[in-house]
Amino acid sequence: MSGLALIASYPKSGNTWLRAFLASHLRGGQPIDLNGDLSRIKNLTGRSLQDKHAGLEHSDLTPDEVALLRPLTSRRIAQLQPGLYKTHDSNLVPLGAREPAIPADAIDRLVYIVRDPRDVAISMAHHFGWTPEDSVNQMADTTFRMGRSSTRLNMNVEQWVSSWSAHVESWLDAADLHLLPLRYEDLLADPLERFTELCRFLDLDDTRHAISRSLEASSFTALAAQEARTGFRERYPASTAPFFRKGGAGGWRGELPPGLAERVASAHNRVMARLAYR
Amino acid sequence: MPMTDGLLCGWRIRSEIALPELLSWQGDDRPPDLTVCLGEVDEHLPGGREISPFIHIDTNGAGLLQVPMVGRFLVRPSGDITVAPHPEASETEIRLFLLGSVLGLVCHQRALLPLHASSVVIEGGAVAFCGHSGMGKSTLALRFARRGHAVVSDDVCVLDSGPPARVRPSFPRLKLWRDAIEDAALSSEGLERNRRGQEKYHFLEPEAGVRDPLPLRAIFLLRRPERGEAEGIERLSAPLDILAALEAETFRPQIGRALGTEKALFQARTLIANSVPVYQLRRPPDAPPERWLDAIAAIVRG
């Protein structure tokens, strides 16, 4: 493989589930250690990876400088350390930059996971320790960045996430990209079929038996039980719930106040219709 | 305005930019080893090759560092450094790169090993803390400084060509995030910001500087415990493990490779591996540093 094979998504859309599946699948379907094996699918925006390939410390740069640097670093990683990575970057040009953080020429192929934004809103609120209203506002913010260090160092570098709609469309409508779009809800509804598609797309073992084993090792129950036992180092410090909280589809109906659900639906109406989120 | 020359890693440095981090030069009246002038710097380095996105090196060994909002730095092997600041750059921002990336470049040009480490004086020698950003190098150095230990280096810890393995002291400044400053019961008020708008500050202990090279007493590699490993300190014994670790902790290794100084750097690392104890200090990066200070000091005392 040459270049980056990316698992991309807006936050809280199933990215970690896919990483867990792939971590197990790459080990022949063995059980995985959440705090060790997930690093088989590294975060592209991890600070030490970015520092190493940029040849300097991002903590000495302003967010605008990071935005200028990231595409150059992405190309170096694609060349010198190609492979599977996750990312929450959008495919948009950040304010002050000239190209997106991961330019198309650095990408070998890309899996894009999309999830009903109303479920994302609930999940984000628990993850970041926000109110559901904060989540809904953030998801409509076209200048939303993550990875910014405030009073302490963030273990990721800055990512230009933008709004939920802009994020989804930036990847789904990208030209010249070898792309596999996956709906989180479809992954839940028919895991065997959808993960087979995923494995074929990534040139991995696509036999039914192998996929079933890896699915079992990365099932929600297995991951949640392990988090309860050993903790999960990717859980956000201010989080108000376990990282593996529910992992379902349609939970928003009971949890998201109707007024907020309507606000999500009206803010993201076009993209939701396109993905059949009703 | 005439300014006194400064002392940086044993070099006499004459600079048109004030460098309050440095001790003043008190050595012989040799001509300056390094000079820093303000002037024009072209954005292209003729014959230059991209080493990393912001750094180019030409066939004579000159290096060009360009940081978008800070400026351009042309670093010649002779030790003449020209700085073309960005109109909006503050002096702190210029010094940040001059005493960081540029210092690293100067070391590589002179075939000296720069480690990415903070170091302090313990028992009359330098003790270095290495690790990724965020692992707590500067925070540990700060805690030792508060206990009266002199600060030898922050980002770039420069090894003398040796033998024996010795550190050339840089300057007693630490770069710290606000949380680390407040956790040490200090205040960030009045401190210079690392970059505009950033909650990272420059903490200076000017009275605590060190002039002369110091024997390197020990290196502690700061690591996060993996896969159920216990927290604690463990000495590395296999020379190959030590060499690999030191290679990973070399500051801007791409520049050394481009300048062809790998052999000298390898020898410097071998000297350390053969003569200096190297430990792994495993702790979660956000764990309070206090409980490790006595253990580190005790190990160094032997």
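Pro164(B) sits in the loop between β13 and β14 of chain B. Here helices (H or I, at least four residues) and strands (E, at least two) are DSSP runs, numbered from the N terminus. The model is predicted, so local features need pLDDT of at least 70 and side-chain atom pairs count only at pLDDT 80 or more, while totals for chains, interfaces and linings use all residues. Residues are numbered from 1 along each chain as its sequence is written, chains are lettered from A and ligands numbered from 1 in the order in which they are written, and side-chain values use heavy atoms, with hydrogens and water left out.

A cis peptide bond joins Pro163(B) and Pro164(B), with omega about -5 degrees. The bond from Gly162(B) to Pro163(B) is also cis, with omega near -5 degrees. Pro163(B) lies in the loop between β13 (156-159) and β14 (166-168) of chain B. In chain A, Asp203(A) has a positive phi, near 60 degrees, although this residue is not glycine. Asp203(A) belongs to the loop between α8 (191-201) and α9 (208-217) of chain A.

Thr35(B) is part of strand β4 (residues 34-38) of chain B. Its C-alpha atom is 5.6 Å from that of Ile13(B), a residue 22 places away along the chain. Leaving aside residues up to four places away in sequence, Thr35(B) touches Arg14(B), Gly79(B), Asp80(B) and Ile81(B). Contact means heavy atoms within 4.5 Å.

The UniProt record, an unreviewed entry, lists "domain: Sulfotransferase" for residues 6-274 of chain A. UniProt positions are given in the numbering used here, feature names are shortened, and annotations may be inferred rather than shown by experiment. This span is 46% helix and 10% strand, and its end C-alpha atoms lie 23 Å apart.

The two chains meet through 30 residues from chain A and 35 residues from chain B. About 2600 Å² is buried between them, 51% of it from carbon and sulfur atoms. Asp60(A), Glu65(A) and Thr151(A) supply 22% of the area that chain A buries against chain B, more than any other three residues. Buried area is the accessible area (1.4 Å probe) that two parts lose on being put together, summed over both.

Six salt bridges were counted between chain A and chain B. A salt bridge is a side-chain nitrogen of Lys or Arg within 4 Å of a carboxyl oxygen of Asp or Glu. Lys200(B) and Asp60(A) form one through their side chains (3.7 Å, N to O). Over all chains, the search finds 46 salt bridges. Glu133(A) and Arg263(A) also pair in this way (3.6 Å, N to O). Glu133(A) lies in helix α5 (residues 132-140) and Arg263(A) in helix α12 (residues 258-267) of chain A, so the pair ties together parts that are 130 residues apart in sequence.

The second largest pocket has a volume of about 600 Å³. Its lining comprises 24 residues, of which Arg98(A), Glu43(B), Phe54(B), Gln66(B) and Pro68(B) lie nearest its centre. Two or more residues each come from α3 (63-80) of chain A and from β7 (63-67), β8 (71-75) and β9 (80-85) of chain B. The largest share, four residues, comes from α3(A). By class, the lining has 14 nonpolar, five polar and five charged residues.

On a 1 Å grid over the protein atoms alone, a pocket is an open set of points where a 1.4 Å probe fits, with protein on both sides within 12 Å along at least five of seven lines; lining residues have an atom within 4 Å of a point. Grid points are joined across faces, edges and corners, and a volume is the space filled by probe spheres set on the points. Ala, Val, Leu, Ile, Met, Phe, Trp, Tyr, Cys and Pro count as nonpolar, Asp, Glu, Lys and Arg as charged, and the others, Gly among them, as polar.
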